[in-house]
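Please examine the sequence and the structure shown below. The briefing that follows treats each chain, the contact between the chains and the nonpolar cores.

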Amino acid sequence: MTIVSPELQSRYGKPARIVAIVGAAIMVFAPMVPWVYTGKILDDMRRAFDPSGLQILFELVALVLLGVLVTSMFGVKLGKYKNVVAWNSTALAASLGGLGYIAAIVLAVAVVGSQKGLGGLAAAEPGLWIALAGSVIASAGSVFLRKSPRATLAKVPSPAWVQILALVAVVAMVLFMAAFAVNLTEVESFLVCCVFIVAAVFVFRATGVMGWLSIATANNRKVLMLAAFAAAFIFPATQDGSDANMTVVAQVLIFAGTALGLNIVVGLAGLLDMGYIAFLGAGAFTAAVLSRSAYATFSIDLPFPVVVLISGTVAALFGLLIGSPTLRVSGDYLAIVTLAFGEIFRITMVNLDGTDGPNITHGSNGIPAIPNLDFFGFDFGKSHEIFGITITRQANYYLLLLVVIAIVIAVFANLNHSRIGRGWVAIREDEMAAEAMGVNTFTLKLLAFAGGAFLAGMVGAVKAYKDTSVTPDQFVFLESCFLLSAVVLGGMGTVMGVLIGATILKLLPEKLRFFDDYRMLIFGALLVVMMRFRPEGIVADERRQMEFHDEDEELADEVEEELVTHHDLLNPEGGK
Amino acid sequence: MDVIIEQCLNGLSLGSLYALIAVGYTVVYGIVQLINFAHGEIFMVGAFGSLTIWLLAGSPTDMSIGFALGVMLPLMVIGGIIFSVLTAMLTEKIAYKPLRSAPRLAPFISAIGISVFLQELVRLFYGQIPGFPDARNKIKYPTITGISGASVDIGGVQLKMTTVFILCALAICTLFLWFYINRTKVGRAMVATSQDQMTARLMGIDVDHVILSAFAVGAGLAAVAGIAQGLYIGDIGYKMGFMAGMKAFTAAVLGGIGNINGAVVGGLVLGVVEAFASQLGDTAWKDVWAFVILILVLVFRPQGIMGAKVVDRA
């Protein structure tokens with residue numbers, strides 16, 4: 001990113017660095033003095049030398065900025081470490097990120113202050129203005145710094161333990177941030193925190209740490225997975241026995257699990273399915289109908305794992321049914337066929353109420369009062385105390401969902417890297433060519449539908465027990481749209497991307513209740529904007545990124561270079 | 001016998017609605033091979049646009065028949081068309097044009113986004129304009145003297161004036177469309193572009209302009225359908241576009257997508273079939289049958305009943 005011309009940068013580079021350092025020093029100092037006079041705005045930002053959570057976040061940005069600026073002052077003296085980190089770009093990202101963050105806080109103080117009758121910005125203490133001024137000065141200095149060459153950090157060989165340690169640290173950081181963000185009850189604080197997270201991601205990208213991390217990830221995929229799951233398992237401990245956030249997080253998991261199933265169909269096999277919510281519905285209804293609820297129509301007392309398998313199988317059968325037209329239709333015709341199937345499913349569930357059809361689902365009332373699960377005396381409906389940590393009802397289901405998601409991810413990852421996965425990708429890229437190469441397209445396409453549906457059905461079974469009731473209106477077309485957007489937004493064909501997409505789409509509306517009414521509006525606009533500017537999603541599959549930007553030479557070189565680096569590092573002995 | 005004629009008329013009016021909307025799908029698909037998922041919303045915008053004109057005119061309720069048919073109705077139709085066409089052209093510029101060379105999934109998802117966005121825009125903000133009804137619920141459509149509720153008796157069969165209106169609208173629109181496609185320069189450019197975009201461009205046709213006019217023409221007809229639906233059913237709502245859009249798309253596919261005559265025939269057939277299905281007392285499963293027809297046609301005869309062009313798209 002270049003804001004001022006290179007000539008100006010080379011002329012004023014040196015004084016600008018001094019200015020930036022002064023700004024950064026001011027930023028470091030700012031959190032030590034009060035920002036607002038009352039504790040009622042955002043979190044407690046009124047004490048001197050005792051920064052609040054949001055202030056500490058600012059301090060972090062400031063310290064990184066100062067560190068980077070000072071280190072890069074040594075310039076050539078850094079020797080071979082000169083280009084390891086993109087010092088100047090990082091400084092620019094950090095200062096602009098800090099500026100954006102403090103601007104968000106100022107805005108929040110103004111809004112909350114006037115809402116609560118505390119006089120808007122009049123509630124601000126000098127500290128806030130010092131922080132703002134520091135950020136402005138630092139940004140003004142940083143834009144004059146020369147653009148640094150691409151960071152070579154990714155090419156620095158590092159021992160395995162460093163990589164693993166770094167990954168664990170990253171996971172811990174993510175866990176900490178997630179717990180911190182989710183526990184912010186005020187909407188404005190949450191939004192400010194989101195601004196920080198976005199800024200932090202940009203800073204990381206600018207340093208080149210992201211590139212190094214992706215290598216480390218590629219080397220230690222299993223370690224990362226384990227660490228991530230361990231963190232996810234610890235998450236309920238950060239909630240202090242409260243159910244409020246766990247409900248939301250459990251919903252996110254349900255959504256994410258279903259989206260991962262859809263990711264097989266859309267992301268890997270490239271078959272656009274617009275009625276996918278029907279599979280979740282099929283699983284949920286199967287589990288509900290078989291449950292011990294007084295309204296269940298086929299109440300059989302089966303152990304839960306069996307119910308999950310049955311639900312998955314029923315959904316998979318639906319998947320086969322819906323997938324069968326793929327023999328003949330493709331592209332957006334398939335999208336319409338699946339959409340029609342989804343609607344047929346919903347209307348059928350409404351009609352199976354005893355008057356328009358046999359009574360299986362109690363029509364639009366659905367099946368309520370599904371009893372809680374009971375594993376060998378472990379009642380999912382009650383709170384449990386384990387190692388002094390209270391695991392609430394929602395937390396129980398959250399943990400169960402984590403296990404299911406782990407299965408889903410394991411299946412997905414293994415399929416992705418198998419012969420089947422490669423077959424799917426081949427079909428996605430060019431079905432004709434794939435068939436000519438001997439890929440059994442029909443079987444593979446059916447398998448994609450059935451496999452994805454099975455996973456969604458399993459998640460649906462847990463959903464039925466967690467929500468305690470299943471009604472047809474939970475499975476409307478809009479939900480299918482949401483799922484699809486989670487996949488598209490996050491990045492088709494990637495696990496990480498879909499998890500991020502699902503979290504964004506489910507968590508944001510839940511935390512931002514006040515714009516509950518506007519969320520669909522924003523969501524629609526987001527889809528359009530996303531397709532326009534980053535059609536490959538937040539976390540892009542490399543191949544897909546190339547496909548979407550085939551005229552962009554620079555990006556092509558970048559991706560190629562990254563791939564080569566990856567390849568060299570993963571196969572140090574050389575040779576292709 | 002009377003019942004059969006009555007259901008036929010019902011079916012034909014329903015079918016005319018579908019046909020008017022289906023033309024929009026077909027014209028756009030014929031040229032850019034895009035299922036304009038937001039077309040149902042364009043139809044909804046048309047209905048709301050005409051309502052807006054009525055509200056701006058001071059919501060006249062007791063109109064003389066001359067004023068109603070001579071001034072108010074034409075104004076509402078023109079207003080609805082203007083709203084729809086502007087919306088459609090805007091969406092084309094914003095959401096589809098930048099994605100013309102992107103993989104096929106991208107414009108489709110963009111279209112879903114537009115569809116959701118337009119629905120929500122109407123739902124949230126229509127009622128906020130001073131003096132306008134809240135669009136979160138269904139809104140009663142204004143009654144036009146001489147059409148709403150009126151009927152003529154022809155040989156013992158009650159012929160509703162709304163039916164007459166819809167059938168006339170379809171007839172006029174089809175004539176207009178025929179003239180537009182076959183007798184105007186833009187229309188013939190459209191045909192040429194749908195046959196071979198590259199060659200059309202080489203022959204000096206402004207393809208972007210042609211695509212934009214295809215969206216505009218479809219939107220205009222959809223607006224007429226929106227007004228017709230308001231008069232025929234009696235109320236409009238922000239959700240009306242989804243189901244109507246799906247049905248119309250079914251009609252377009254039934255007739256052979258890309259084929260304008262096919263869209264009209266497909267719409268009428270679907271309408272009549274649906275009317276008789278509800279006559280047989282199967283209202284709960286009515287929509288299911290429509291979707292089943294859609295699936296069967298897509299799977300077994302993707303070129304539709306009239307289509308000669310075999311569609312093979314990946």
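**Briefing on the two chains**

In chain A, 78% of the contacts with a separation of 6 or more join residues 24 or more positions apart; two residues are in contact if their C-beta atoms, placed from the backbone, lie within 7 Å. This is a predicted model, in which local features need pLDDT of at least 70 and side-chain atom pairs count only at pLDDT 80 or more, while totals for chains, interfaces and linings use all residues. Residues are numbered from 1 along each chain as its sequence is written, and chains are lettered from A and ligands numbered from 1 in the order in which they are written.

**Chain A**

- The secondary structure of chain A consists of 21 helices and four strands; helices (H or I, at least four residues) and strands (E, at least two) are DSSP runs, numbered from the N terminus.
- Of its 576 residues, 47% count as buried, a residue being buried if 20 or more other C-beta atoms lie within 10 Å of its own, with C-beta atoms placed from the backbone.
- Helix α11 (residues 304-323) of chain A has 20 residues and should span 28 Å at 1.5 Å a residue, which agrees with the 28 Å between its end C-alpha atoms; the expected span is 1.5 Å times one less than the number of residues.
- Among the buried residues of α11(A) are Val307(A), Gly312(A), Phe318(A) and Ile322(A).
- The buried residues of this helix pack against α10 (277-290), α12 (331-351) and α16 (441-467) of chain A.

**Chain B**

- Chain B contains 11 helices and four strands.
- Of the 314 residues of chain B, 51% count as buried.
- In chain B, residues 24 or more positions apart account for 76% of the contacts with a separation of 6 or more.

**Contact between the chains**

- Chain B contributes 34 residues to the contact and chain A contributes 35 residues.
- On the side of chain B that touches chain A, α4(B) provides the largest share, 13 residues.

**Nonpolar cores**

- The largest nonpolar core has 213 residues, of which Leu20(B) and Val224(B) touch the most other members; such a core is a set of buried Ala, Val, Leu, Ile, Met, Phe, Trp, Tyr and Cys residues joined through C-beta atoms within 7 Å.
- Helix α1 (residues 2-32) of chain B gives the most to this core, with 16 residues.
- Beyond its neighbours within four places in sequence, Leu20(B) is in contact with residues including Leu170(B), Cys173(B) and Val224(B).

Key
A residue is buried if 20 or more other C-beta atoms lie within 10 Å of its own, exposed if 12 or fewer, and partly exposed in between; C-beta atoms are placed from the backbone.
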